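Visitor: I have a chain open in my viewer and would like to learn how to read it. Could you walk me through a few features?

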Amino acid sequence: MSTLCNPSKKLSKSQILVTLDEYEPALGAPFKVILHKSVQQIRNDQGDVIETRIPNMAGLLKTVAARRAMCDRKFSPADVKFVRKALCLKGSSLADIIGISAEHMSRCENGDRVLSVSAEKLLRVIAVEARYDTIDFEKSLTSILSDSKNPEDKSEKFKDLILKYRAAVSDLKSAILSLKISTVHSTDDELEFVFSLRESTKDDPDASEAEYEEYSEAA
Amino acid sequence: MAEPALKVETEFLRIAVEALEMRFGPDTVSGLLSRGLYLTDLHNALACCEVRRSNKLEADGTFFEVIGDTTEGITLNIKVWVSLDQRFYRIEEVS
């Protein structure tokens, strides 16, 4: 059990706050998820971890599910279960949404049956939609119009919002129209996804605005 | 008899969980893993939890004692602290 009695207390002299280059959160995903320079930990002078800080866990889960949904490799039973859980849905609820019985859903998650291509595509579209559903475009636009006094700042925020909107439309179009599900892959080839906080939200004092995106070293 | 859910506090906590930074100690993860659960399950239990008790602590946040079910139907009792500035919530205990 934790011993901190008041989490808002400042660090003691023997504690340090570090930003981790890489952190693998225990999400229970059947593939590797790495967070790049997104997670902070408080450690004592022996290096023991006192506290881990993950910004916007709900947003992270949806981003991970959406990224897996955009990857063409066919969902394994564990993928189906993880994506469902990342969307915070019970098996019976998801079964209702994609039009199959709860029993069939359960069998697909246990590996006794396989989701049909159409059901899997629908699940993927739901995952992608859920990721962008967390971005409230209307609220963001209102906020930009009312808050930004500096014209350059306003312009940057507009550009950023337009990019996000384009990404949402593009990903949804791909998930619906062009994503082919591939059943051929090497079993040794483990999927790995690396995410980082969006540059524009990284140092935002309002942690609720933290957003994840796929990390690439070139960026 | 179980204490009744506090509606306003429940709504407040669910909103906090959907947006804020999650903070937790090492025992939280090891406790979850020992039961075959993950941070995803903990998040889901919080996202549809009911607050049973809350206590204002000093001037900087509030403790909540909540009960929540994972999407797999496992009930978790969770003590969670939400900072008053609404920047983070901290998992204090999961059982």
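Guide: Gladly! Two strands count as paired if DSSP finds at least two bridges between them. Keep in mind that this is a predicted model.

Visitor: What is the order of the strands in the open sheet of chain A?

Guide: In general, strands of a sheet pair through backbone hydrogen bonds, either parallel or antiparallel. Here, four strands form an open sheet in the order E2-E3-E6-E7 of chain A, and the pairing is mixed. Strand E2 (22–23) and strand E7 (212–214) are the edge strands, each pairing on one side only. E6 (residues 192–197) and E7 of chain A are joined by three bridges in the antiparallel sense. To find your place there, look for A:Ser196, which stands opposite A:Glu213 in E7(A).

Visitor: Which helix lies across E3, E6 and E7 of chain A?

Guide: That is helix H1 (residues 57–70), which runs at about 140° to E6(A).

Visitor: And how do I read two packed helices?

Guide: Two packed helices are described by the angle between their axes and the distance between the axes. Take H5(A) and helix H7 (residues 151–178) of chain A: their axes come within 9 Å and cross at roughly 175°. Angles over 145 degrees count as roughly antiparallel, so H5(A) is roughly antiparallel to H7(A). Contact residues include A:Val125 and A:Tyr132 of H5(A), and A:Ala168 and A:Leu172 of H7(A). The residues of this contact divide into nine nonpolar, no polar and four charged.

Visitor: Where is A:Gly111?

Guide: A:Gly111 sits in the loop between helix H4 (102–110) and helix H5 (117–133) of chain A. A:Gly111 is partly exposed, with a relative accessible area of 43%.

Conventions
Residues numbered from 1 in each chain as written. Chains lettered and ligands numbered in written order. Predicted model: local features only at pLDDT ≥ 70, side-chain atom pairs only at ≥ 80, totals over all residues. Heavy atoms only, no water. Helix = DSSP H or I, 4+ residues; strand = E, 2+ residues; numbered from the N terminus. Buried < 20%, exposed > 50% of the residue type's maximum accessible area, 1.4 Å probe, protein only. Axes fitted to C-alpha atoms, helices over the stretch in contact; angles between N-to-C directions. Parallel < 35°, antiparallel > 145°, perpendicular 65-115°, else oblique. Contact = heavy atoms within 4.5 Å. Nonpolar A, V, L, I, M, F, W, Y, C, P; charged D, E, K, R; others polar.
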